Amino acid sequence: MIAAQPHHGYDDNPCRPRHFKPPPCAPVVPEGPARKALEACRTRLFLTGILFACVFAVVALRVVEVVLLEGGTAQSHMPRFRIPATPAPARADIVDRNGRLLATTLDSPSLYANPKQILDPADATRKLVKAFPNLKKAEVYAKLTSSKSFVYLKRHLIPREQYEVNQLGIPGVQFQHEERRLYPDGTLTAHVVGYTGIDNAGFAGIERGLDSMLRDRREPLQLSLDLRIQYILREELQRVIDDFTAKAAAGLIMDVNTGEVLSMVSLPDFDPNHPGAIDPDHADISIADRMFNRDTLGVYELGSIFKIFTVAMALDTGTSTLASTYDATHDIHIGRFTIGDYHGKHRVLNVPEILMYSSNIGAAKMAIAAGGQRQREFLARIGLLKAPKIEVSEAAAPHFPAKWREVNVMTIAFGHGISVTPLSFASAAAALVNGGTLRQATLLKPLPGEAPQGQQVISPKTSEQMRKLMRLVVEHGTGTMAAAPGYVVGGKTGTAEKLSGRHYAEKKLLSSFVGIFPINDPKYLVLTVVDEPHPNKQSHGYATAGWTVAPATSRIIQRMAPLLGVQPVDEASPEIQRALMVESLQGKRLEAY
Amino acid sequence: MIRLGTLFWLVLVSATGFAMFGVKYQVQALEDDLARTNRATASEEHELRVLEAEWAYLTRPETLEAMNRQFLSLAPIGTKQLHATAADIPLRPPPPAPPPPPAEAAAVIAAAEPAAEAPTATSAPPSEPDGVPVLAPEPATPETVAEPPATQSALRVMPALLEKPAAAPQLGKPAPVKAVAKSSPAPRRAKSLDDLIAQIMTSR
């Protein structure tokens with residue numbers, strides 16, 4: 001109302017009515033400092049107004065954007081206010097082909113204390129030691145009275161323990177969220193599944209081989225493994241080890257038509273829940289030995305079971321026929337080696353007989369007849385000259401001579417001088433009987449409709465001949481104890497002397513057996529290898545494959561076949577006899593080896 | 001006029017304010033609810049994982065084998081037990097005679113009424129003398145047992161035909177299966193798995 005004051009003199013109308021209010025305009029300030037100050041003030045007000053207008057305009061634009069234009073980036077800010085609906089476990093589960101849990105991740109909180117918040121360390125110690133009898137009183141007390149602000153009291157509690165600690169209600173004692181990998185089946189799948197270390201990083205097996213895949217996915221990873229078959233194989237291999245006081249054993253069961261590995265056992269094994277823990281029963285076996293996967297990482301001179309490749313090579317390349325004969329009367333002397341026969345017949349043998357009676361001389365002569373070049377090419381074609389490809393991280397490259405000399409050709413013909421992994425062997429053997437298609441072995445169950453790719457390595461005709469010959473080995477040859485009535489087993493025995501130093505040790509054997517059933521329509525392959533078996537009373541002083549792993553293979557097949565729905569057949573029925581008849585042996589009397 | 005306008009705006013502002021706070025609190029409550037539910041889901045899922053791991057641990061093959069040895073003594077299936085498949089079992093033969101037309105069946109039942117405690121007569125040939133087929137042991141075959149629906153449909157027709165509803169309810173109950181089961185010499189059906197195991201153990 002300053003403006004209305006008449007004594008200022010700027011209201012120049014003396015006749016103004018009393019009730020008349022002057023128009024709301026700024027007073028006319030005379031020149032001088034007051035006017036200057038007023039103008040500065042006005043400018044400031046104006047600028048502030050513009051600033052506000054700008055901010056409001058921004059807000060308005062943003063409102064328009066959020067409401068009319070569906071928010072823009074507004075969505076991305078939301079999740080941080082929310083708890084994810086189901087916090088994904090840090091690592092995917094692993095299950096077997098039937099969905100049975102093999103590895104899972106569980107929350108397992110760790111107990112820690114902040115000593116600065118502990119009001120009564122003595123009382124807290126008493127309570128904690130009562131709840132966890134294996135904690136030492138003095139240690140706990142020392143931790144609780146230390147000057148740090150974080151001390152672990154116990155790692156990885158189980159839910160019951162967590163509940164008990166909560167019941168104690170000690171201030172300053174808290175849980176830290178941690179996750180732990182758990183393997184319900186323990187040792188049974190140790191080498192396949194592997195184990196994880198701190199931070200749940202894969203250290204071995206599938207856990208390591210498919211580490212990034214397991215980290216990224218949420219749904220369980222399904223293996224081709226069948227836990228039931230795995231149990232059978234492990235039990236029977238353990239029995240072989242116990243019966244023949246052997247050092248170690250390895251076994252593989254594979255679907256010959258898809259390459260899926262149904263079971264993979266390597267003994268001795270370890271508990272992936274406590275890798276590194278020493279088994280009190282067998283304290284003499286080192287951890288490294290237990291963790292060693294003999295199926296994929298061990299390379300062995302497998303011995304006579306290699307003869308199936310020699311025969312297949314000779315038949316497929318046409319350098320021999322089933323009627324070809326080789327003189328196995330005398331031992332072969334070459335360089336410092338003497339090649340002789342274990343089950344010596346000392347006469348001329350034909351090809352089926354060479355395989356049946358496992359004649360080293362015959363196999364060596366067959367290989368020589370075919371030539372080193374062909375032999376090497378054939379072994380490369382069936383994947384025996386490179387490391388096997390498999391999902392587990394452990395895979396070893398084979399050992400074979402760089403220079404393929406004549407003596408190498410001869411020894412490789414019966415499986416000495418070349419070391420391969422049992423896995424490579426199984427894949428190659430499967431290709432010999434399944435019609436000639438080599439498929440990469442896999443530990444993952446293929447998705448339905450996903451046909452495993454393979455490549456033709458031998459002709460279907462050779463494959464059929466190999467099936468017949470392998471049946472002969474079990475029917476009349478060295479592998480008679482592998483017979484499982486009704487399941488038409490075919491196979492080949494192999495007993496190799498282990499190389500010790502520069503010589504082969506006669507008493508240190510590696511006995512192996514490859515069995516395929518039903519051989520007239522092959523479905524599954526069972527490969528068993530036992531390291532350094534010793535003869536016992538039941539085996540009449542033998543520790544060869546025919547007495548050790550062949551009977552085990554028979555037991556394995558009889559136990560697993562019903563589980564896999566393989567229908568037993570009458571082996572004496574005419575159609576099976578006809579399907580497995582070897583023409584070149586027609587009318588010949590077969591002698592027992 | 002100005003006052004009215006001011007009032008209108010005031011009301012509008014306060015209404016908007018109230019509405020906004022209302023919605024805000026509603027949203028907050030919903031978010032709390034969501035968080036609670038999510039936490040509960042997570043805890044349930046964790047529990048589920050623990051239980052699954054526990055189940056896998058408790059059903060390890062070695063545990064099952066030990067338990068089998070202790071309680072069941074089951075042995076692996078031998079070749080002898082696998083000589084035939086389910087496909088080798090012949091299909092059930094067709095019923096011997098077509099079911100009699102409703103009127104006739106009703107007549108038979110009406111005739112058989114005195115022996116109502118075993119009303120399997122529906123499936124018996126209508127030509128047989130009343131009363132006798134009912135108690136004969138021979139028709140106690142699976143076909144007879146498997147046909148209660150037919151029996152019931154026949155019974156439903158009967159009262160209308162005979163106008164004697166008083167006698168019908170007795171028959172109308174789905175008793176026939178039980179009656180047949182009782183009269184057959186087969187062993188008692190086990191009520192539970194434990195019961196079955198107990199039976200097997202006593203019969204050994």
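Author: Domain bounds here come from an automatic or database domain assignment. On that basis, chain A is divided into domain 1 (94–115 + 122–135 + 151–222) and domain 2 (230–585). This is a predicted model, in which local features need pLDDT of at least 70 and side-chain atom pairs count only at pLDDT 80 or more, while totals for chains, interfaces and linings use all residues. Residues are numbered from 1 along each chain as its sequence is written, and chains are lettered from A and ligands numbered from 1 in the order in which they are written.

The part I have picked is helix 9 of chain A, residues 227–243. Helices (H or I, at least four residues) and strands (E, at least two) are DSSP runs, numbered from the N terminus. Helix 9 of chain A has 17 residues, and from its first C-alpha to its last it reaches 24 Å, close to the 24 Å expected at 1.5 Å a residue (the expected span being 1.5 Å times one less than the number of residues). Just past the end of helix 9 of chain A, Thr245(A) adopts a positive phi of about 40°.

How enclosed is helix 9 of chain A by the rest of the structure? It is largely enclosed, because 12 of its 17 residues are buried. A residue is buried if 20 or more other C-beta atoms, placed from the backbone, lie within 10 Å of its own, exposed if 12 or fewer, and partly exposed in between. The buried residues of helix 9 of chain A include Leu227(A), Ile229(A), Tyr231(A), Leu237(A), Val240(A) and Ile241(A). Arg228(A), Gln230(A), Arg234(A) and Glu236(A) are also among them.

Now for what surrounds these side chains. Two residues are in contact if their C-beta atoms, placed from the backbone, lie within 7 Å. Within chain A, the buried residues of helix 9 pack against strand 8 (248–255), strand 9 (261–267), strand 18 (524–531) and helix 18 (549–563). They also pack against helix 2 (61–72) of chain B.

That last partner brings us to the place where the chains meet. The contact takes 24 residues from chain A and 22 residues from chain B. On the side of chain A that touches chain B, strand 2 (101–107), helix 9 and helix 18 of chain A each supply at least two residues. Strand 2 of chain A gives the most to this side, with four residues. For the model as a whole, ipTM is 0.74 and pTM is 0.72.

Next, the two domains. The centres of domain 1 and domain 2 of chain A, taken over C-alpha atoms, are separated by 41 Å. Even so, 20 residues of domain 1 of chain A are in contact with 18 residues of domain 2 of chain A. On the domain 1 side, the elements of chain A that give two or more residues are helix 6 (190–193) and helix 7 (205–209).

Val192(A) counts as buried because 29 other C-beta atoms lie within 10 Å. Although 13 residues separate Val192(A) and Gly205(A) in sequence, their C-alpha atoms are 5.2 Å apart. Leaving out residues up to four places away in sequence, Val192(A) touches Gly205(A), Ile206(A), Leu225(A), Met264(A), Val392(A) and Leu443(A).

Stepping back, chain A has 19 helices and 18 strands. Its C-alpha trace spans about 155 × 65 × 50 Å along the principal axes. Of its 593 residues, 42% count as buried. Among contacts in chain A with a separation of 6 or more, 71% are between residues 24 or more positions apart. Chain B has nine helices and zero strands. Buried residues make up 10% of the 204 residues in chain B, and 54% of its contacts between residues at least 6 apart join residues at least 24 apart.

Finally, a word on confidence, given as pLDDT, the predictor's confidence in each residue, from 0 to 100. In chain A the mean pLDDT is 86, and 90% of residues reach 70 or more. Over residues 1–6 of chain A, pLDDT stays under 50, and the model has five contacts for them beyond four places in sequence. In chain B the mean pLDDT is 67, and 50% of residues reach 70 or more. Residues 112–186 of chain B have pLDDT below 50, and this stretch has 84 contacts in the model beyond near neighbours in sequence.
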